[in-house]
Amino acid sequence: MRKRVLGQSGIEASVIGLGTWAIGGWMWGGVEANDSVRAIQAAIDAGINLIDTAPAYGLGLSEQIVGEAIRGRRDQVVLATKCGLQWHTAQGTLFLEQAGKPIYKFLGAASIRHEIEESLRRLGTSYIDLYQTHWQDDTTPIAETMGTLLDLKKEGKIRAIGASNAATPHLDAYRAAGQLDADQEKFNMLDRRAEDSLLPYAERHQLAFLAYSPMALGLLTGKMSPDRRFADDDLRSRSHRFTPEYRRQVLDVLARMQPMADDHEITLAQLALAWTAAVPGVSHVLAGSRNPAQATENAAAGAVKLSDHELATITALIDEFPA
Ligand SMILES: NC(=O)c1ccc[n+]([C@@H]2O[C@H](COP(=O)([O-])OP(=O)(O)OC[C@H]3O[C@@H](n4cnc5c(N)ncnc54)[C@H](OP(=O)(O)O)[C@@H]3O)[C@@H](O)[C@H]2O)c1
């Protein structure tokens, strides 16, 4: 597994990271806790050290499961979690509801201090390697948020600071206030908006870029058959990208990438992850894995090297995906 440094932090994190949103169950049709713990342990066994979670993933459940899975192995893990989607106070902007609880985007100082203590407790650790603002909060100046994060860094509770779901003016404001090491944004073959400004920005300012949803929630794995049904509380049941017709069209394009995957003796999921990791500016790819088989398969993508010709061929095929 190749490793790359998180921004200027000196922290070396595996190019393929483990994403644990689905492990929280929320918006993914529930969770099988044993599978989740074994998925995390399989990922570490396969060379992944970067594990990304968040309090909002299942109202603390994902963090709790990660904490259980890494017990006794904390030193083998680069732990990334987040703040700013909170449910302990009705401050900030209402974002959405989870299990009947309103979740607010809020990055005020006292709230972050409350959130980090809860995260440390659930994760069973005394420090977070990468602490990221999950969504941006228009009600708190970024300088104030950054001030709190820099204080947490001085106190040894966090080692590096990241932002997520941010635009370049947000990133400018963070950087004006102190050292920002990472930006976490959606990026995959079907959603390449980050190429317009965020990826060049990350390269220019030495930020790690953590690509989230790199398999487009499983659509790019080639295993998403048109007849698969999703539970009502699985976000894919409501997505236009998961209609049987759309899935069929995606599978048609993926079939044309299959020969390249076959040449490398890899799966389409691994091809999608390897392509993502090779895009200029992308430093880390967060692959969501629900069970040990997915975790092991996804981790192995960290060893795949695609030639310039293969990357160009894939990029040309991507243009044929339906809008
Ligand atoms: N910062 C943010 O706002 C934000 C937002 C989204 C995600 N993220 C982070 O990014 C991580 C990854 O994104 P994601 O979980 O949204 O989506 P993803 O990685 O694109 O897709 C994950 C889903 O694809 C399926 N899958 C994974 N590996 C597979 C394989 N090898 N073969 C077949 N199917 C496979 C699994 O679902 P099934 O088994 O059900 O098919 C899995 O839950 C998250 O877990 C989270 O850590 C962050």
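Trainee: Which residues of helix 2 and helix 3 meet?
Mentor: Glu63, Gln64, Val66 and Gly67 in helix 2 meet Ser119, Arg122 and Leu123 in helix 3. Residues are in contact if their C-beta atoms, placed from the backbone, lie within 7 Å, and helices (H or I, at least four residues) and strands (E, at least two) are DSSP runs, numbered from the N terminus. This is a predicted model, in which local features need pLDDT of at least 70, side-chain atom pairs count only at pLDDT 80 or more, and totals for chains, interfaces and linings use all residues. Residues are numbered from 1 along each chain as its sequence is written.

Trainee: At what angle do helix 2 and helix 3 pack?
Mentor: The angle is about 40°, and the axes of helix 2 and helix 3 (residues 109-123) are 7 Å apart. Axes are lines fitted to C-alpha atoms, for helices over the stretch in contact, with angles from 0 to 180 degrees between N-to-C directions. Helix 2 and helix 3 are therefore oblique to each other (under 35 degrees is roughly parallel, over 145 roughly antiparallel, 65 to 115 roughly perpendicular, the rest oblique).

Trainee: And how do helix 1 and helix 2 cross?
Mentor: The axes of helix 1 (residues 33-45) and helix 2 (residues 61-70) cross at roughly 55° and come within 9 Å. That makes helix 1 oblique to helix 2. Helix 1 contributes Ala33, Ser36, Val37, Ile40 and Gln41, and helix 2 contributes Ile65, Val66, Glu68, Ala69 and Ile70. Seven residues of this contact are nonpolar, two polar and one charged.

Trainee: New topic: how many helices and strands are there?
Mentor: The protein chain has ten helices and 13 strands. Its C-alpha trace spans about 55 × 40 × 40 Å along the principal axes.

Trainee: What classes of residue form the shell around the ligand?
Mentor: That shell has ten nonpolar, 13 polar and four charged residues.

Terms used. Ala, Val, Leu, Ile, Met, Phe, Trp, Tyr, Cys and Pro count as nonpolar, Asp, Glu, Lys and Arg as charged, and the others, Gly among them, as polar. Two residues are in contact if their C-beta atoms, placed from the backbone, lie within 7 Å.
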